[in-house]
Amino acid sequence: MAARQGPTYLRVALGKELQALRKRKGETAESVSVALGWSRPRVSRLEAGEIPLPKLEDLHKLLDHLGVIEPDDRATLVRMHKDSLNKEPFTSYRNVLPSGMPMYLGLERDAKGIRGYENLTVHGLLQCESYARALMGSAKVVEERTTDAVETSIRLRMERKDQLLEKSGLELHIILTENTLTRQIGSSEVMREQYAEIERLAMLDNVDVQIIPELGEGMYRAAFNFTILDLPGLESVVQSDSHRAMTMWSKPSDVGQYQRQFQAMAKAAPGPSATPQILHNLEKKLWK
């Protein structure tokens, strides 16, 4: 008899999305279980990613009940369902799921540790409010987002940072290239505020920030941004973004490659204790 497959990151992500859709409709797990003739524990375990939905028919019944009628939305969730039953070598999905919640954030909230590398902009969990506003505002027209949508995103980002770093105590280790700090986003005052926020967060016991110098000769730099999520009860996964999609790798050989890249950069870059002085030097040079 084949061993029962345990939880996978994609099953957890699908469960969180179904939970978000249920809450958006204003229903309880109990009301869903009654409407579909399922047990209450089955709904809860499904939303927690503890059990799969072996029958595609059951997923369609649930989506009908939750009012998910847009064909593209249903296709996304059906694909997540099918992929969650497989080995998940890698998966690529649009950034925002039918509930309006980015898939990555649902996993991020459950992570016990995050390791990230950024070579273009400051990592989202390190951003101050003014930097986030300037960054999102500059893309508002291109992405066809309203001012209200931008402000909502900023508020959620700040709440997410506060919850993860200062309340839950998530272990965060971010490596930035110097380019992320010399690329001006907003005004000089915004950049000074951003430097101060990185320094403040780096003082937390659970946060490490390293900066790879622009002229670090022979110092290894990965070609693309990526984030490693260490999830309790699951294998680590790696996330990276493209324009309208996100890709996640869970195959051990793929995850191992990214882990080695991160370790190589962490070993070569100046240690976290050097970060405040690097920031002070850059601020004095660029933003006075």
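1. Basis. The model is predicted, so local features need pLDDT of at least 70 and side-chain atom pairs count only at pLDDT 80 or more, whereas totals for chains, interfaces and linings use all residues. Residues are numbered from 1 along each chain as its sequence is written, and side-chain values use heavy atoms, with hydrogens and water left out.

2. Salt bridges overall. The search of the whole structure returns 19 salt bridges, a salt bridge being a side-chain nitrogen of Lys or Arg within 4 Å of a carboxyl oxygen of Asp or Glu. Among the residues involved, Lys-161, Glu-166, Glu-197 and Arg-200 are joined in a network.

3. Glu-50 and Arg-45. These side chains form a salt bridge with an N to O distance of 3.2 Å. Glu-50 is partly exposed at 41% relative accessibility, and Arg-45 is partly exposed at 35%. Here buried means under 20% relative accessible area, exposed over 50%, and partly exposed in between (1.4 Å probe, protein chains only).

4. The closest N and O atoms of Glu-57 and Lys-61 are 3.6 Å apart in a salt bridge. Both residues belong to helix 4 (residues 56–66), where they are 4 residues apart, about one turn of the helix. Lys-61 has a relative accessible area of 40% and is partly exposed. Helices (H or I, at least four residues) and strands (E, at least two) are DSSP runs, numbered from the N terminus.

5. A pair between two helices. Glu-151 and Arg-133 form a salt bridge, their closest N and O atoms lying 2.9 Å apart. Because Glu-151 is in helix 8 (residues 147–167) and Arg-133 in helix 7 (residues 129–138), the pair ties together parts that are 18 residues apart in sequence. Glu-151 is partly exposed, at 32%, and Arg-133 is partly exposed, also at 32%.

6. Gln-239. This residue of strand 6 (residues 237–241) is buried, with a relative accessible area of 5%. Neighbours within four places in sequence aside, Gln-239 is in contact (heavy atoms within 4.5 Å) with Tyr-104, Phe-226, Thr-227, Met-246, Thr-247 and Met-248.

7. Strand 3. Of the 7 residues in strand 3 (residues 171–177), 6 are buried. Strand 3 runs parallel to strand 2 (residues 113–118), joined by 6 bridges; two strands pair if DSSP finds at least two bridges between them. Ile-114 stands opposite Leu-172 of strand 3. Strand 3 also pairs with strand 4 (residues 207–212) in the parallel sense, over 6 bridges, and His-173 has Asp-208 in strand 4 as its bridge partner.
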